[in-house]
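Hi,

Here is the structure I promised to pass on. Have a look at it first, and then read my notes below.

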Amino acid sequence: MIEEIQTPATHLAHKAMIELRPNIGPELAFSEHVDKVLRPEGYRLVGCFIENDLYAVAVAGFRVVNYLAWGHALYCDDLITRYEHRKHGYAAQLMDWMIDEAKRLHLDQFHLDSGVGPDRTDAHRLYFNKRMRISAHHFSRPA
């Protein structure tokens, strides 16, 4: 079952999110950061839940943004399935949910960035299966 994760249930995303972002800290610090910093900037969480597990087995963090280049878009910041729950289609379900949400909000596009490397092959296969394409290189450096 897919549900949007609202405050005060943010902690239910932690088990999955820490696998993607190991530096997010303990559950309480993660929840406070999401609720006090990210949510006021428009960040939202959606999770995939299964019977007999309180925590989300897969999580997506996203926001609605405006770009000169892309227009009004839904941008997926984070997408992860807990290791022991992979290969069951949960991330695909979350992507479908976000794409439907973008349509519901009458947005122009759906975007995400993904790391590169052999460990990302399964994720990239999913993105291509969802009719996404590689449209840019993302560059970064320390300030």
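Let me start with Glu101, which is buried at a relative accessible area of 6% (buried is under 20%, exposed over 50% and partly exposed in between, with a 1.4 Å probe and protein chains only). Before I go on, the ground rules: this is a predicted model, where local features need pLDDT of at least 70 and side-chain atom pairs count only at pLDDT 80 or more, while totals for chains, interfaces and linings use all residues. Residues are numbered from 1 along each chain as its sequence is written, and side-chain values use heavy atoms, with hydrogens and water left out.

So what does Glu101 form a salt bridge with? The partner is Arg44, and the closest N and O atoms are 2.8 Å apart (a salt bridge is a side-chain nitrogen of Lys or Arg within 4 Å of a carboxyl oxygen of Asp or Glu). Glu101 sits in helix 3 (residues 90–104) and Arg44 in strand 2 (residues 44–48), so this pair ties together parts that are 57 residues apart in sequence. Helices (H or I, at least four residues) and strands (E, at least two) are DSSP runs, numbered from the N terminus. Glu101 and Arg44 also belong to a salt-bridge network that links them with Glu4 and Arg104.

The whole structure has 13 salt bridges. Asp35 is partly exposed at 22%, whereas Arg39 counts as buried at 17%.

Back to helix 3 itself. Its 15 residues should span 21 Å at 1.5 Å a residue, and the end C-alpha atoms are 21 Å apart, which agrees (the expected span is 1.5 Å times one less than the number of residues). Besides Glu101, the buried residues of this helix include Tyr90, Leu94, Met95 and Met98. What covers them? Just past the helix, His106 takes a positive phi of about 60 degrees.

Now the sheet: five strands, open, in the order 1-2-3-4-5 and with mixed pairing (two strands pair if DSSP finds at least two bridges between them). Strand 1 and strand 5 are the edges, each pairing on one side only. Strands 1 and 2 run antiparallel to each other over four bridges, and Ile2 has Cys48 in strand 2 as its bridge partner.

Finally, the aromatics. There are two aromatic pairs, counting rings of Phe, Tyr and Trp (its six-membered ring) with centres within 6.5 Å; planes under 30 degrees apart are stacked, over 60 edge-to-face and the rest tilted. One of them is Tyr67 with Trp70, edge-to-face at 4.5 Å centre to centre and 65 degrees between the planes. Tyr67 is partly exposed at 32% relative accessibility, and so is Trp70 at 29%.

Cheers
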